[in-house]
Amino acid sequence: MMTSVSHSLRRFTTASPSPLNHELVERLRRLVISGDLRRAFSLFYSAPRELQSHQAYGALFQACAEQRNLRHGITLHHHMLSYPSSYSQDLFLANHLITMYTKCGKISYARQVFDEMPERNVVSWTSLITGYAKAGNEQDGFSLFSAMLAHCFPNEFALSSVLTSCRYEAGKQVHGLALKLGLHCSIYVANALISMYGRCRDAVEAWTVFEAMESKNLVTWNSMIAAFQCCNLGKQAFGVFMRMHSDGVGFDRATLLNICSSLYKSSDLVPNEVSKCCLQLHCLSVKSGFVTQTEVATALVKVYSEILGEFTECYKLFMEMSHCRDIVAWTGIITAFAVYDPEMAIHLFGQLRQEKLSPDWYTFSSVLKACAGLVTARQALTIHAQVIKGGFGADTVLNNSLIHAYAKCGSLDLCKRVFDDMDSRDVVSWNSMLKAYSLHGQVDSILPVFQQMDIKPDSATFIALLSACSHAGRVEEGLKIFTFMFEKPETLPQLNHYACVIDMLGRAERFTEAEEVIKQMPMVPDAVVWSALLGSCRKHGNTRLGKLAADKLKELEPTNSLGYIQMSNIYSAEGSFNEASKSRKEMETWRVRKEPGLSWTEMGNKVHEFASGGRRRADREAIYKELERLIGRLKEMGYVPEMRSALQDIEEEEQKEEHLLHHSEKLALAFAVMEGKRRSHDGGVPVNVIQIMKNIRICIDCHNFMKLASKLLGKEILVRDSNRFHHFRDSSCSCNDYW
């Protein structure tokens, strides 16, 4: 199709266009403007050959370019080539062809037309350079621009086009050429320079160009805001926006989207400043009416939820979008709630389906993240079915998310099934399976899977392996893996790996080795490292090292309650109640709040939440009675409350025991037993596995309680705490009391 273009581009007759020629061109243009390209081509092909002038061809090639209609464009090109005797090479039509092919994404066709042109002008060069820039082909675009300089001077459009894709050093050279040619004053060139410097993370140069401009348009201001956004300078970006607003310069959708991105990626704004900026931005969006545009409202939702954590305002804004909610907006709100409130995210996904919208890849990715935060795998199974129905069943990333969700929901068998059925696996697939085994304490399964990996392991792979060894007490195997990491530069241990090793050694009461590892770390230990050491000191009563770890942790994270509470517990365990009291009072001084212990269980397709002491529950008395019956029977089996797990500022032993017996996971279990009896009485299917999720680490007393309860009830009790899963069966736990 593209061969011998140079022999086929013929010049039309030099005679002045006839009235009929002019009339045909005007009729074609009217049809094109009305959007009726099909009728325009029908009219052209039915016209006599002598009326098919180069103006008519040009009008149709331009229409194909603007409407990105490659099929009509190629057909018209074929038609033009079918009458070689009627034409000589025509520069005007060749330029139109280059533009048409580049806009339709066929840069190779455009290059062939360009290479076979016997004559070129600045438009020819600029059109192809623009095509390379839009295709993101920096190297060929810059090479063509360099070649152009030997034939003609570039104009402002050629300079601005090449700047849209070139890198920093090349961009600096183009800037120098623009200064030499006096084209740096062109608003198109200056705007492109600002964008180039912003993209290359040079905010200073971008600002210099911006300030030197005598006149600015909306694109100029948007480019400067985008430049600061690329450099994570949200404060400067918002400052430009406010200056723009005070100077009476209008703004558009691109302005608001750039500002939202600036707030989202900002490294120089504190939360209070972000909140203030977001509120101002929201008000301006409402006043200007841009808030009704889906992209703007979705961007605001993202800032409210992910940066400010203001989910109520975020949901309110989403509900106000009822007239313009598309799949992007729905995915945005589901993503916002996926971690904060997984149940709400699932509810929103259901509403999306009711509105007859089809979830896309991003929607499924977000809702599967929400599934990972639920108690059981029921919702994950439902979403899994929809993933398959939606045609994404073979997608590697979504399958990885399914493995993660099933693992977090306690179904290791479903994890294995998804993993085994995958046609292709990446390193995340293997890591997800390794993490699943680690989460469930199956170290004997994790090491064979690691040996089967046919992909190079990464940092996350070794975190999964070291965590599994730590939780299972397999110290020697863990140390071998840690030593192996030093053999290659790409697998050298990072902070998280050191934290795993400190945790592993500390759990095994090998504190001398743990201290030595910390001393030899090539980087400064972070809060995770000191938290791991502190937890082990709490377990084994190492006051000296515990105080060191707690002090370091408080330096790094003064508002983290862990350092204060763990030291209070360590002091209390050794009988130093005055020191324990000081640690608690220190929390009050710094206004540090302890995260309340919460547990969840699912019964009758509904998730029930429990707080320590039964707060928030209208059926608290009924749960207490069921729990008392359960405790009485367990005491007959030898259950003795572990008083060390009670709050140390409670003086009376009876009060300590009462506090222990009302921990949230015990209340969740009592409720599940009570509901199970009711369902059995009503003829329902008996529950064989009771699943409970807890937001903090399970205490020793509750662990002992669950072991005996599993034997008494004849059921498996599955507890997921903040660290791992505990599978309680027949008075034993999968962790072998090592957690």
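Here is a short walk through this structure, one selection at a time.

Keep in mind that this is a predicted model, where local features need pLDDT of at least 70, side-chain atom pairs count only at pLDDT 80 or more, and totals for chains, interfaces and linings use all residues. Residues are numbered from 1 along each chain as its sequence is written, and side-chain values use heavy atoms, leaving out hydrogens and water.

**Stop 1: helix H1.** Select residues 19-33, which make up helix H1, and pick out Glu23. (Helices are DSSP runs of H or I with at least four residues, strands are runs of E with at least two, and both are numbered from the N terminus.) Glu23 is partly exposed, with a relative accessible area of 43%. Buried means under 20% relative accessible area, exposed means over 50%, and partly exposed is in between, using a 1.4 Å probe and protein chains only.

**Stop 2: helix H15.** Go to residues 253-265, the 13 residues of H15. From first C-alpha to last, H15 reaches 18 Å, close to the 18 Å expected at 1.5 Å a residue. That expected span is 1.5 Å times one less than the number of residues. Colour Thr255, Leu256, Asn258, Ile259, Cys260, Ser262 and Leu263, which are buried. At the start of H15, look for a side-chain oxygen of Asp252 that comes to within 3.2 Å of the backbone nitrogen of Ala254.

**Stop 3: Ser429.** This residue is in helix H25, residues 427-439. Is Ser429 buried or exposed? Its relative accessibility is 0%, so Ser429 counts as buried. Leaving aside residues up to four places away in sequence, Ser429 touches Thr396, Asn400, Ile403, Phe419 and Met422; contact here means heavy atoms within 4.5 Å.

**Stop 4: Glu509.** Select the loop between helix H29 (495-507) and helix H30 (511-520) to find Glu509. Its phi is near 60 degrees, a positive value in a residue other than glycine. Glu509 is partly exposed, at 48% relative accessible area.

**Stop 5: helix H37.** Select residues 664-681. The end C-alpha atoms of H37 are 26 Å apart, which agrees with the 26 Å its 18 residues should span at 1.5 Å a residue. Its buried residues include Leu667, Phe671 and Met674. Just after H37, Gly683 takes a positive phi of about 85 degrees.

Stop 6: How many cavities of 30 Å³ or more does a search of the whole structure find? It finds one. (On a 1 Å grid over the protein atoms alone, a cavity is a set of points where a 1.4 Å probe fits but cannot get out; a pocket is an open set with protein on both sides within 12 Å along at least five of seven lines; lining residues have an atom within 4 Å of a point.) Show Leu374, Val375, Lys408, Gln691, Ile692, Met693, Arg720 and Phe725, which line the largest cavity. The largest share of that lining, three residues, comes from S3.

Next, turn to the second largest pocket, with a volume of about 550 Å³. A volume is the space filled by probe spheres set on the grid points, which are joined across faces, edges and corners. Of its 26 lining residues, the closest to its centre are Thr376, Val687, Val689, Ile690 and Gln691.

Key. A polar contact is a pair of N or O atoms within 3.5 Å; within protein, one must be able to donate a hydrogen and the other to accept it, and residues adjacent in sequence count only if both atoms are side-chain atoms.
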